[in-house]
Amino acid sequence: MQETFKVLGLSFKNTPLEIREKLALDEAHAKRLMKFMNEFTQATDVLVLSTCNRTEIYYSCKKELTKEILQGISLIKGIDTPISEYFISYKKHNVAVERLFKVSMGLEAQVVGDLQISNQVKKAYQWTADEDMAGPFLHRLMHTIFFTNKRVVQETSFRDGAASVSYATKELIEDITSEIKDPRVLILGLGEIGRDVCRNLVDSKISHVTITNRTEEKAIALAGECGFKTVPFSTALDAIQNADVVVSSIATESPFITKEVAEKLEILSFKFFIDLSVPRSIEVSIEDIPGALVYNIDNIQSKASEALEKRTAAIPEVEKIIAEAILEFNDWSKEMIVSPTIKKLKNALEEIRKEELARYLKNADAREAKIVDKVTKSMMQKVMKLPVLQLKAACKRGEAETLIDILNDLFDLEKQPNQVK
């Protein structure tokens, strides 16, 4: 197997949010791009990973396919302006492999150790499987990555705690509603942090989420993506009455939810207010009202900062685990180079064995034929053992090609099929 793995992508590190949104690929877009690459290029092992923070296309091909992939994205997304300035191509096989490991573990995430990235990578792999675009190389690589992720979770503190404000908010909502049956959550405002809170709640146990925004189209689009309900912003105060938890990230110069507003609410047990706005959009004084509890951005950021410090401290451990996994994967990859030769050698020896059996067992009875068949198969396996070990050892030394050429000449293996008969 030749080292032909590459990646073309953009991320939050070099591309603003408005461009990332424009070039994001959902499941339908990703599968259309894979079909495009399958039809118009020689690419194999294609993985399309697209999140709010990145759009990256991994593939195997001798030729670099930047031009073709960008053409495919432009066609699929209906973009008629140049997009090449946002994408970076990683052409070296080992660099692309290492990048996929680091991205999958969360080392390249906007929030280090992002808990969502594992599910996003698994989803991308499922899309690849759906389109039958993964060969032995990518299958093995992805399963190695999933196993490595388990090691990171079990052996390090890299995934401990909520290291982003939006994820910390999601965890806080789950904590404060743990004793409430079917809690109702209202999200006020869909700036970047409000959108992230919504997306984090998708995988939560919270099932009743309503969102509202001054620009209703944004609320409807996000509700469709997340499977939530919407209400017009003009009825936001009524929606507050019906919610157990109100999360506000509204941009406003003065508080949107005042003590005066809160005093009109019927609070039978507790109503929780989470203010993610700067300046604040919820008056702190509403806590004077029995049953009303307010959490602000500082409370949540403090929790997130502690988790981030733990994760940052664990990075060297994660990098060590990744290095071990890549070393093991590379050994397997090298052995794949000699796999076709091993199969052809088995075919050649099996042909010789069967020819000789047919020649000498014409008059043998069934019992004799069975014994000879068993003995010759055992002999063939022992004959094969040393060449296979030598081939695998040569791979690790980088000398496999010489031994492959010798075996090809000795047994005329070019005429043999790859499949063992």
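Partly exposed residues are those whose relative accessible area lies between the buried class, under 20%, and the exposed class, over 50%. This cut-off applies to the close-up views below, which show a predicted model.

View 1. Asp 405 belongs to helix H14, which spans residues 400–411. With a relative accessible area of 46%, Asp 405 is partly exposed, because this value falls between the limits of 20% and 50%.

**View 2. A nonpolar surface patch that includes Ile 371.** The side chains shown are those of Ile 371, Val 375 and Met 379, which form a nonpolar patch on the surface. Together these three residues have about 280 Å² of accessible area. Ile 371 is located in helix H13, residues 366–397. The relative accessible area of Ile 371 is 42%, and the residue is therefore partly exposed.

**View 3. The open sheet of six strands.** The strands follow the order E7-E6-E5-E8-E9-E10 and pair in parallel. Strand E7 (229–230) and strand E10 (292–296) are the edge strands; each has a single partner strand, so one side of each has no neighbour in the sheet. In general, the strands of a sheet are paired through backbone hydrogen bonds, in either a parallel or an antiparallel sense.

**View 4. Strand E5 between E6 and E8.** Strand E5 covers residues 184–188 and is joined to E8 by four bridges, the two strands running parallel. Five bridges link E5 with strand E6 (residues 208–212), again in the parallel sense. Within strand E5 lies Leu 188, which stands opposite Thr 212 in E6 and has Ser 248 as its bridge partner in E8. Leu 188 has a relative accessible area of 0% and is therefore buried. The C-alpha atom of Leu 188 is separated by 6.2 Å from that of Ile 211, although the two residues are 23 residues apart along the chain.

**View 5. Strand E8 and its pairing with E9.** Strand E8 comprises residues 245–248, with Val 245 and Val 247 pointing one way and Val 246 and Ser 248 pointing the other way. All four of these residues are buried. Four bridges connect E8 to strand E9 (residues 271–275), and the two strands run parallel. On the E9 side, Phe 272 is the bridge partner of Val 245.

**View 6. Asp 45, a residue with positive phi in a strand.** Asp 45 is not a glycine, yet its phi is positive, near 50 degrees. The residue is part of strand E2, residues 44–50. Its relative accessibility is 7%, so Asp 45 counts as buried.

**View 7. Asp 182, a residue with positive phi in a loop.** Phi of Asp 182 is positive, about 50 degrees, and this residue is likewise not a glycine. Asp 182 is found in the loop that lies between helix H7 (165–176) and strand E5. Asp 182 counts as partly exposed because its relative accessibility is 46%.

Notes
Residues are numbered from 1 along each chain as its sequence is written. This is a predicted model: local features need pLDDT of at least 70, side-chain atom pairs count only at pLDDT 80 or more; totals for chains, interfaces and linings use all residues. Side-chain values use heavy atoms; hydrogens and water are left out. Buried means under 20% relative accessible area, exposed over 50%, partly exposed in between (1.4 Å probe, protein chains only). Patches are made of residues with over 30% relative accessible area and no salt bridge: like charges are joined within 9 Å, nonpolar side chains (Val, Leu, Ile, Met, Phe, Trp, Tyr) within 5 Å. Accessible areas come from the Shrake-Rupley method with a 1.4 Å probe; for residues, only the protein chains shown count as cover. A salt bridge is a side-chain nitrogen of Lys or Arg within 4 Å of a carboxyl oxygen of Asp or Glu. Two strands pair if DSSP finds at least two bridges between them.
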